[in-house]
Amino acid sequence: MSDSSERPTDPTTPPPVLVTRHPAPDVLERLTGRYAATCGENDRELERAELLAAVRGRRAVLTTLNNRVDAEFLDAAGPQLEIVANHAVGYHNVDLAACAERGVVVTNTPGVLTNATAEAAWALLLAATRRLGEGERLLRSGTPWAWGPNFLLGLELAGTPLGVLGMGRIGQAVARRAAAFDMPVGYHNRRALPPEQAGGAEWKPLEELLATSTVLVVTCPCTEETRHLLDARRLAMLPPGAVVISMTAGVVDEEALAAALESGALFAAAVDNFEHEPDVPSALLAQERAVLVPHLGSATVRTRQAMGDLAVDNILAVLDGAEPLTPVRG
């Protein structure tokens with residue numbers, strides 16, 4: 001059991017824990033009640049040089065998706081580093097092989113953000129198919145308008161095939177909600193789920209799923225195998241006038257997505273987070289039928305609290321010599 005003796009007495013020794021961005025207030029209090037920790041005074045993303053300087057001598061680092069954890073990061077931290085706790089379900093920012101080589105535990109925050117992210121996916125789906133972003137921009141711009149039979153027509157969802165690419169927790173939650181809209185659901189995963197877990201959704205090979213999905217929701221993690229999985233060639237397999245909802249950065253080639261919107265091959269698209277955040281491709285920004293939001297999938301008070309708590313639970317477990325709750329295996 002750790003107590004105040006864990007706190008360094010030498011002022012030149014950094015506290016054992018670094019928190020790179022401010023979590024929910026109660027989360028930080030739970031952590032600092034057990035271990036001395038440093039958290040930036042201003043809630044901003046650390047520049048790379050600042051991050052490398054800040055990690056030196058730490059035993060634990062609570063990171064975000066914008067913190068690249070690679071060999072350079074690990075070497076800067078030093079051999080005493082025990083755990084990198086990612087404040088996210090994703091971990092494409094972490095070099096798992098480099099961490100494993102140095103014996104550094106990597107954890108994430110799965111499960112606790114499932115409902116919030118699935119709800120956000122449906123919010124984007126509705127905004128894209130019903131052209132809500134276009135309508136709001138029209139009103140806010142002061143552009144004169146009048147109702148007409150062909151004014152800002154969108155897509156009706158009832159009976160429209162929904163495809164889910166990546167049938168993990170979030171994908172399953174997205175698929176379950178489709179019943180309320182009378183949408184048949186197909187999905188692609190590395191392997192088919194047991195029928196009771198799939199909830200009536202039909203497993204399909206990737207190319208078949210693309211060919212039969214008028215609306216496609218992308219929830220699979222970004223890995224070496226899935227990065228740019230939906231490139232120009234695969235986006236062209238979707239039915240004419242399809243809609244793509246991207247909840248995972250890096251799986252959809254953003255430039256190819258913009259080109260498919262520009263050509264009219266796609267009816268609309270929505271993107272929650274981006275491959276090179278905070279940068280958004282200018283080609284996407286130029287598309288009226290692209291709904292673009294700044295990584296809001298898990299952005300609810302309840303979920304961010306739960307994510308922070310789980311990250312801290314993992315840090316406390318590892319520093320106490322116990323097994324982490326949600327380790328990421330390379």
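These legends describe close-up views of one predicted model.

The model is predicted, so local features need pLDDT of at least 70, side-chain atom pairs count only at pLDDT 80 or more, and totals for chains, interfaces and linings use all residues. Residues are numbered from 1 along each chain as its sequence is written, and side-chain values use heavy atoms, with hydrogens and water left out.

**View 1. R21 forms salt bridges with D43 and with E45.**
A salt bridge is a side-chain nitrogen of Lys or Arg within 4 Å of a carboxyl oxygen of Asp or Glu. A search of the whole structure finds 16 salt bridges. In the bridge of D43 and R21, the closest N and O atoms are 2.8 Å apart. D43 lies in the loop between β2 (37-39) and α2 (48-54), and R21 in the loop between β1 (17-19) and α1 (25-32), so the bridge ties together parts 22 residues apart in sequence. Helices (H or I, at least four residues) and strands (E, at least two) are DSSP runs, numbered from the N terminus. R21 and E45 meet at 3.1 Å, N to O. This pair also links distant parts of the chain: R21 is in the loop between β1 and α1, E45 in the loop between β2 and α2, 24 residues apart. D43 is partly exposed, at 43% relative accessible area. R21 counts as partly exposed at 26% relative accessibility, and E45 counts as partly exposed at 23%. Buried means under 20% relative accessible area, exposed over 50%, and partly exposed in between (1.4 Å probe, protein chains only).

**View 2. A salt bridge joins R48 and E72.**
The closest N and O atoms of this pair are 2.9 Å apart. R48 lies in helix α2 and E72 in helix α3 (residues 71-77), so the bridge ties together parts 24 residues apart in sequence. Salt bridges with shared partners join R48, R68, D70 and E72 into one network. R48 is partly exposed, with a relative accessible area of 22%. E72 is partly exposed too, at 43%.

**View 3. W122 and F181 form a stacked aromatic pair.**
Rings of Phe, Tyr and Trp (its six-membered ring) pair if their centres lie within 6.5 Å; planes under 30 degrees apart count as stacked, over 60 as edge-to-face and the rest as tilted. By this rule the count comes to two aromatic pairs. In the pair of W122 and F181, the centres are 4.6 Å apart, with 5° between the planes. The pair links distant parts of the chain. W122 sits in helix α5 (residues 114-129), while F181 sits in the loop between α7 (169-177) and β7 (185-188), 59 residues apart. W122 is buried, at 5% relative accessible area. F181 counts as partly exposed, at 29%.

W145 lies in the loop between α6 (132-141) and β6 (162-165). W145 is partly exposed, with a relative accessible area of 48%. F151 is partly exposed as well, at 29%.

**View 4. R289 lies over the face of F267.**
R289 is 4.6 Å from the ring centre of F267. A charge sits over a ring if NZ of Lys or CZ of Arg is within 6 Å of the ring centre and within 35 degrees of the ring normal.

**View 5. C220 and C222 are too far apart for a bond.**
A disulfide is a pair of cysteine sulfur atoms within 2.5 Å. The structure holds zero disulfides. For C220, the closest cysteine sulfur is in C222, 8.1 Å away. C220 counts as buried, at 8% relative accessibility. C222 is buried, with a relative accessible area of 8%.

**View 6. N115 lies in helix α5.**
N115 is partly exposed, with a relative accessible area of 43%. N115 and A76 are 39 residues apart in sequence. In space they are 37 Å apart, C-alpha to C-alpha.
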